[in-house]
Amino acid sequence: MSGRTTALTPPGDAVPPVRHPEAPAPGETIGSHYEHCFGCGGGQPHGLHLEARAGEGVSVTAEFRVREAHQGAPGLAHGGVLATALDETLGSLGWLLRVIAVTGRLETDFVRPVPVDTVLHLQAEALAVHGRKIYCTATGRIGGPDGPVAVQADAVFVEVKVDHFIANGRKQEIQAALADPDQVKVARAFEVNP
Ligand SMILES: CCCCCCCCCCCC(=O)SCCNC(=O)CCNC(=O)[C@H](O)C(C)(C)COP(=O)(O)OP(=O)(O)OC[C@H]1O[C@@H](n2cnc3c(N)ncnc32)[C@H](O)[C@@H]1OP(=O)(O)O
């Protein structure tokens, strides 16, 4: 036992999340953090191609159209793909906080089946921060942004530094990312905190 707590409920001394002064304005599109990201990258033919937009406070919205490549059962989205859509949308909250954070825990409720060609309307919000931990929640609705909830997740993201990726990522992708000025710009934007 590591003794570490992985509860999804923020501890009593957690603080409200603070939107960074230079966060994208509400309605502004949040760019992809990595061209080859399965969730948001343009370089993944079967990826989700999520384009998140900043919302009010520390929240984001995004849409994901389920395609044939995303099936689990015939004509229905795979649950893991739906969890990925929630995970990626939650990950975009880092742009508003200006921190790099990775998923520590993601608990997903699958409420309704999601057919191929459905647009999933995603919304994510940071609820609290405790040290490096960011407590957050997300929903995916069908039929419109106010439609019924099809999937929902609560999560804890853990703040990391760029070194996390340099130390753990496969060398060839890390070297390519470090040689790409656009990627370096993204990393810097995340790491500059007041
Ligand atoms: C360039 C732009 C790129 C931008 C990149 C943005 C990517 C977004 C992509 C979408 C999101 C993803 O899929 S990210 C990919 C999937 N996730 C991962 O690969 C993460 C794998 N896990 C890890 O690397 C590690 O376990 C970490 C970083 C999560 C934690 O390790 P650590 O850094 O050693 O920290 P540690 O001391 O253990 O924990 C710090 C605090 O967090 C808590 N904590 C640790 N793990 C968990 C957990 N699973 N659930 C709850 N809480 C946890 C601890 O209790 C502790 O709380 P306290 O004691 O302080 O109270």
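Visitor: Which helix holds Leu 96?
Guide: Helices (H or I, at least four residues) and strands (E, at least two) are DSSP runs, numbered from the N terminus. This is a predicted model, in which local features need pLDDT of at least 70 and side-chain atom pairs count only at pLDDT 80 or more, while totals for chains, interfaces and linings use all residues. Residues are numbered from 1 along each chain as its sequence is written. Leu 96 lies in helix H2.

Visitor: Which residues is Leu 96 in contact with, leaving aside its neighbours within four places in sequence?
Guide: Two residues are in contact if their C-beta atoms, placed from the backbone, lie within 7 Å. By that rule the partners of Leu 96 beyond those neighbours are Arg 19, His 20, Ala 23, Ala 54, Val 58 and Val 60.

Visitor: What distance separates the C-alpha atoms of Leu 96 and Arg 65?
Guide: Leu 96 and Arg 65 are 31 residues apart along the chain. Their C-alpha atoms are separated by 24 Å.

Visitor: How many helices and strands does the chain have?
Guide: Along the sequence the pattern is β-β-α-α-β-β-β-β-α-α-α. That comes to five helices and six strands.

Visitor: What share of the 194 residues is buried?
Guide: The count covers the 194 residues in the chain. Buried residues make up 32%.

Conventions
A residue is buried if 20 or more other C-beta atoms lie within 10 Å of its own, exposed if 12 or fewer, and partly exposed in between; C-beta atoms are placed from the backbone.
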